[in-house]
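Q: Please take a close look at one part of this model. Walk me through it residue by residue, and keep it brisk.

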Amino acid sequence: MAIALSLDDGPHPVYTPQVLAVLAHYGITATFNMIGQQVGPNLSLVREVAAAGHTITNHTWNHDEHLPHRTYAQVCAQIDRCNDALAEAGQHPTIFRAPGGNWGPVVYRACAARGLRPVDWTVDPRDWDQPRVTTEEIVSNVLTHTKAHDIILDHDGGGDRSRTVAALKIYIPKLLDKGFTFAAM
Ligand SMILES: [Zn+2]
């Protein structure tokens, strides 16, 4: 019944601390897929995420959603700049998530060269589709689709994530009640 919760597009000075508080309240760990250019201005927040036992991964330097169409050198640069930023916070990720879930041969090749495991998601509650998707829809999307070994996609950055935070407060205890256990990747 193990599942993984992933939070993409942070760190964010407003929403990442709110997500951390919810996760701490329920004593669960998650995976934060971070955008490199946001790491430098939020170094203490990145350290806080790591200290709480969560996994931090590489989500490129500036969330380039066209990676499969870039050159190998450009993809490597996206990965390396994010790794360099995270290294400033003492983080050395072993996992990579492609922005927008846009994978391709050049992306896999760069991941292999950098020793990064490519990890996508299996449950997308569409919390990124703001302001269209409501808190209730995020909750029902997660509760309807999540089964053992799933990876849930959510976001702590990239826009107003107040509905994501509200949804986490509702669906995490419900998933725990159903017998799911949360694992950081
Ligand atoms: Zn993303």
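A: Pro11 lies in the loop between β1 and α1, where α1 spans residues 15-26. The model is predicted. The peptide bond between Gly10 and Pro11 is cis, with omega about 0°. Strand β1 covers residues 2-10, and Asp9 is part of that strand.

Asp9 counts as buried because its relative accessible area is 8%, and the cut-off for buried is under 20%.

The zinc ion comes next. Its protein donors are Asp9 through OD, His59 through NE2 and His63 through NE2. These donors lie 2.0 to 2.1 Å from the zinc ion. Along the sequence, the donor residues follow the spacing D-x49-H-x3-H. Asp9 and His63 tie together distant parts of the chain, 54 residues apart. Asp9 sits in strand β1, whereas His63 sits in the loop between β3 (55-58) and α3 (72-87).

Asp9 and His63 are also linked directly. Their side chains form a polar contact of 3.0 Å. Both residues are buried.

What about charge pairing at Asp9? The nearest side chain of opposite charge is Arg161, at 4.8 Å. A salt bridge requires a distance within 4 Å, so Asp9 has none. Asp9 thus stays buried without a salt bridge.

Other parts of the chain also meet Asp9. Setting aside neighbours within four places in sequence, its contacts include Asn33, Ile35 and Gln38. His59 and His63 are among them too.

Thr60 is in the loop between β3 and α3. Phi of Thr60 is near 75°, again positive in a residue other than glycine. Thr60 is buried, because its relative accessible area is 0%.

His69 belongs to the loop between β3 and α3 as well. His69 counts as exposed because its relative accessibility is 67%, and exposed means over 50%.

For context, the UniProt record, an unreviewed entry, annotates residues 1-183 as "domain: NodB homology". Over residues 1-183, the chain is 40% helix and 15% strand. The end C-alpha atoms are 10 Å apart.

Definitions and conventions: Residues are numbered from 1 along each chain as its sequence is written. This is a predicted model: local features need pLDDT of at least 70, side-chain atom pairs count only at pLDDT 80 or more; totals for chains, interfaces and linings use all residues. Side-chain values use heavy atoms; hydrogens and water are left out. UniProt positions are given in the numbering used here, feature names are shortened, and annotations may be inferred rather than shown by experiment. Helices (H or I, at least four residues) and strands (E, at least two) are DSSP runs, numbered from the N terminus. Buried means under 20% relative accessible area, exposed over 50%, partly exposed in between (1.4 Å probe, protein chains only). Lys and Arg count as positive and Asp and Glu as negative; His and the chain ends are not counted. A polar contact is a pair of N or O atoms within 3.5 Å; within protein, one must be able to donate a hydrogen and the other to accept it, and residues adjacent in sequence count only if both atoms are side-chain atoms. Contact means heavy atoms within 4.5 Å. Donors are N, O and S atoms within 2.8 Å of the metal (3.2 Å for Na, K and Ca); water is not among the atoms, so sites may look incomplete.
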